[in-house]
Amino acid sequence: MTQTQSAPAPATAGASAWVTVDAAAIRANVAALVQRAAPAQVMAVVKADAYGHGLLVAARAALAGGAAWLGVAQLQEALALRAAGIDAPVLTWIYPPQGDVGAAVDAGVDVTVGSAWSLAAVVDAARERGRPARVQAKVDTGLGRGGVLTDWTEFTRALAAAVAEGAVELTGTWSHFAWADAPQHPTVRAQEQRFADAVAELRRAGVDPRLRHLANSAATLTNPDAHLDLVRPGLAVYGLSPVPDLGAPADFGLREAMRVTARLTLVKRARAGQGVSYGHEYTTERDTVLGLVPMGYADGIPRHAGNRGPLQVGGRRERVAGRVCMDQVMVDLGPDTDAAAGDEVVVLGVGADGEPTAQDWAEAAGTINYEIVTRMGPRLPRVVVREAG
């Protein structure tokens, strides 16, 4: 197989910086997750514009890799998948009381019900349409976020009544871990037991939950006991490790799908003692060469990564010099560099290739790798790399 870029010249011509998304890597990552999770099915989570990788590109690549389901947070994301002609099973879980759940019923989207009002809203929409709504019941097993926390028995009765009426079809029951990235944490086992109890209560009420799912990326990679009928990897789909203390992407058979590249727009000599960027939080220690990288916090570079953010120029690892600005950062290239304006800078790439990674940036900024990839700004053109042949 070979890899080709879809129209790279128009996408990057004149661009100061751009994002490359490797659809083949997404497909291969999902295939690896399918193999790891078997016999459980895989729901590839493509919420938040597929963690910044592009909703439709990632969804199609994930399905090609063997994902049986797609998961999104916002209802509008699910409807966008349907509008694009994607007819695979889709689960959504965030919508307000004023949200158009009827549109989800019409589109055959599975809607999460995790409160009395959400169940009532879906039932009303189904009655209006004279067809059952596809729903999945969410129980809060200890995260303290979405789902039914203290009224599961009452909720179960209402759900069973809706199923008996034919207003809803229960396609699954799910929950979410609080500490999945620490598989030995006592809350993990406690949540697994709470979930098992909730499923048992559904069954006693005469409701078959069909698909049971708990495992996010971290649990998919580290906790086989939590795989159940379906796993819901998100971050791992894009080749990033949700448990960096336990392994890099390559250790789990994954490869990063996002690469961020910029071009130096200015290279100039500076004397020793020259302050660089706002507040002069970086000062040159010797005569050197400074380079300007045209990406800043408006493009997704974390402002907290000043003096720490990793960059690769000419195959050499460098770091941001001084504060991160809205549209640019500076880099001290050293006195002997042969770098010139127009040269490429790898801002974010593949760790196995020696490039700066989302995890490197996360550590530099005191955050998590999830945030790094999802914050890449819309003014960066996207180039999709696809596998051909």
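For the lining described first, Ala, Val, Leu, Ile, Met, Phe, Trp, Tyr, Cys and Pro count as nonpolar, Asp, Glu, Lys and Arg as charged, and the others, Gly among them, as polar. All views show a predicted model.

**View A. Composition and centre of the largest pocket.** By class, 24 nonpolar, 14 polar and 6 charged residues make up the lining of the largest pocket. The space in this pocket amounts to about 950 Å³. Its lining comprises 44 residues, of which Lys-47, Arg-145, His-176, Phe-177 and Asn-216 are the closest to the centre. At least two lining residues come from each of the helices α3 (47–51), α7 (116–129), α10 (217–222), α11 (358–365) and α12 (369–374). The strands β5 (90–94) and β6 (110–113) likewise each supply at least two.

**View B. The closed barrel and the pairing of β7 with β8.** Eight strands form a closed barrel with parallel pairing, in the order β3-β4-β5-β6-β7-β8-β9-β10. Within this order, β7 (residues 133–138) pairs with β8 (residues 168–174) in the parallel sense, over 6 bridges. Lys-138 stands opposite Trp-174 of β8.

**View C. Helices packed on the sheet.** Helix α7 packs on the sheet and touches β6, β7 and β8. The direction of α7 makes about 145° with that of β6. Helix α9 (residues 186–204) also packs on the sheet, where it touches β8 and β9 (211–215). Between the directions of α9 and β9 the angle is about 165°.

View D. The whole structure contains 5 aromatic pairs. One of them, formed by Trp-152 and Phe-155, is stacked, at 5.5 Å centre to centre and with 25° between the planes. The pair counts as stacked because planes under 30 degrees apart are assigned to that class. Both Trp-152 and Phe-155 belong to helix α8 (residues 152–165), in which they lie 3 residues apart, about one turn of the helix.

**View E. Backbone geometry at Pro-39 and Leu-228.** The peptide bond that joins Ala-38 and Pro-39 is cis, with omega about 10°. Pro-39 is located in the loop between α2 (23–37) and β3 (41–45). Leu-228, although not a glycine, has a positive phi of about 50°. Leu-228 is placed in the loop between α10 and β10 (230–231).

Technical notes. Residues numbered from 1 in each chain as written. Predicted model: local features only at pLDDT ≥ 70, side-chain atom pairs only at ≥ 80, totals over all residues. Heavy atoms only, no water. 1 Å grid on protein atoms, 1.4 Å probe; cavity = no way out; pocket = protein on both sides within 12 Å on 5 of 7 lines; lining within 4 Å. Points joined across faces, edges and corners; volume = space filled by probe spheres on them. Helix = DSSP H or I, 4+ residues; strand = E, 2+ residues; numbered from the N terminus. Pairing = 2+ DSSP bridges. Contact = heavy atoms within 4.5 Å. Axes fitted to C-alpha atoms, helices over the stretch in contact; angles between N-to-C directions. Phe/Tyr/Trp six-rings, centres within 6.5 Å; stacked < 30°, edge-to-face > 60°.
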